[in-house]
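Biologist: Please take a close look at one part of this model for me. I would like to see how the inside is put together and what surrounds it.

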Amino acid sequence: DDCKEVEYKERGINPITGEPKEDEIICYFDFESTTDNGKHRAYLVVFKTDQMDTPRCIEGKFCGKRMLQEVSRLHDYKPIRFIAHNAIICKSGFLC
């Protein structure tokens with residue numbers, strides 16, 4: 001019972017002004033992976049930002065890197081908060 005669900009605010013807060021970061025993009029994503037040879041290797045990522053109408057899938061060896069590049073490019077390189085599916089945080093402050 002040392003883990004709990006993470007709660008997210010709609011937008012990040014600018015540490016200088018204390019105002020919400022209106023230009024921040026929120027991207028929700030989930031990976032599918034294989035555990036061949038005892039290592040997790042991603043082969044698919046599904047993602048959707050709060051600015052997109054439909055989710056997008058990217059398959060292949062470098063799907064994570066390609067997702068980061070595509071989300072940045074699609075949203076004109078604005079600040080992005082990435083939120084993973086099933087993300088939980090432990091009392092230690094680290095993702096479990």
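**Around the core**

Modeller: Start with Met67, which touches Phe29, Val45, Phe47, Ile58 and Phe82, leaving aside residues up to four places away in sequence. Keep in mind that this is a predicted model.

Met67 belongs to the largest nonpolar core. That core has nine residues: Cys27, Phe29, Val45, Phe47, Met52, Ile58, Cys63, Met67 and Val71. Three elements, S2, S3 and H1, each give two or more residues to this core. H1 gives the most, with three residues. As a general point, nonpolar side chains tend to be buried together in soluble globular proteins.

Now look at how helix H1 is placed. H1 lies across S2, S3, S4 and S5. Its direction is at about 20° to S3.

Next comes the sheet. It is open, with four strands in the order S4-S3-S2-S5 and mixed pairing. S4 (56-59) and S5 are the edge strands, and each pairs on one side only. Neighbouring strands are turned against each other by 25° on average, direction ignored. In general, strands of a sheet pair through backbone hydrogen bonds, either parallel or antiparallel.

S2 (residues 25-34) and S3 (residues 41-49) run antiparallel and are joined by eight bridges. S2 and S5 (residues 80-84) pair in the parallel sense, over five bridges. The hairpin of S2 and S3 has six residues between the strands. In that hairpin, Asn37 takes a positive phi near 60°.

Follow Phe29 next. On the S3 side, Phe29 stands opposite Phe47. On the S5 side, the bridge partner of Phe29 is Ala84. The next residue along, Asp30, stands opposite Val46 in S3.

Is Phe29 buried or exposed? Phe29 counts as buried because its relative accessibility is 16%, and the cut-off for buried is under 20%.

A search of the whole structure finds two aromatic pairs. Phe29 and Phe31 form an edge-to-face pair, 5.7 Å centre to centre, with 80° between the planes. Phe31 has 32% relative accessibility, so Phe31 counts as partly exposed. Phe29 and Phe82 also form an edge-to-face pair, with 6.1 Å centre to centre and 75° between the planes. This pair links distant parts of the chain: Phe29 is in strand S2, Phe82 is in strand S5, and they are 53 residues apart. Phe82 is partly exposed, at 30% relative accessibility. Phe29, Phe31 and Phe82 form one aromatic cluster.

Finish with the loop between H1 (63-74) and S5, where Pro79 is found. His75 has its place in the loop between H1 and S5 too. What is the relative accessible area of His75? The value is 9%, so His75 is buried. Leaving aside residues up to four places away in sequence, His75 touches Ile25, Thr49, Gln51 and Met52. One of these, Met52, is a member of the core.

Pro79, in contrast, counts as partly exposed because its relative accessibility is 39%. Pro79 touches Asp23, Glu24 and Ile25, again not counting residues up to four places away in sequence. Pro79 and Glu22 are 57 residues apart in sequence. In space, their C-alpha atoms are 9.7 Å apart.

Technical notes:
Residues numbered from 1 in each chain as written. Predicted model: local features only at pLDDT ≥ 70, side-chain atom pairs only at ≥ 80, totals over all residues. Heavy atoms only, no water. Pairing = 2+ DSSP bridges. Buried < 20%, exposed > 50% of the residue type's maximum accessible area, 1.4 Å probe, protein only. Contact = heavy atoms within 4.5 Å. Axes fitted to C-alpha atoms, helices over the stretch in contact; angles between N-to-C directions. Core = buried A, V, L, I, M, F, W, Y, C linked by side-chain atoms within 4.5 Å. Phe/Tyr/Trp six-rings, centres within 6.5 Å; stacked < 30°, edge-to-face > 60°.
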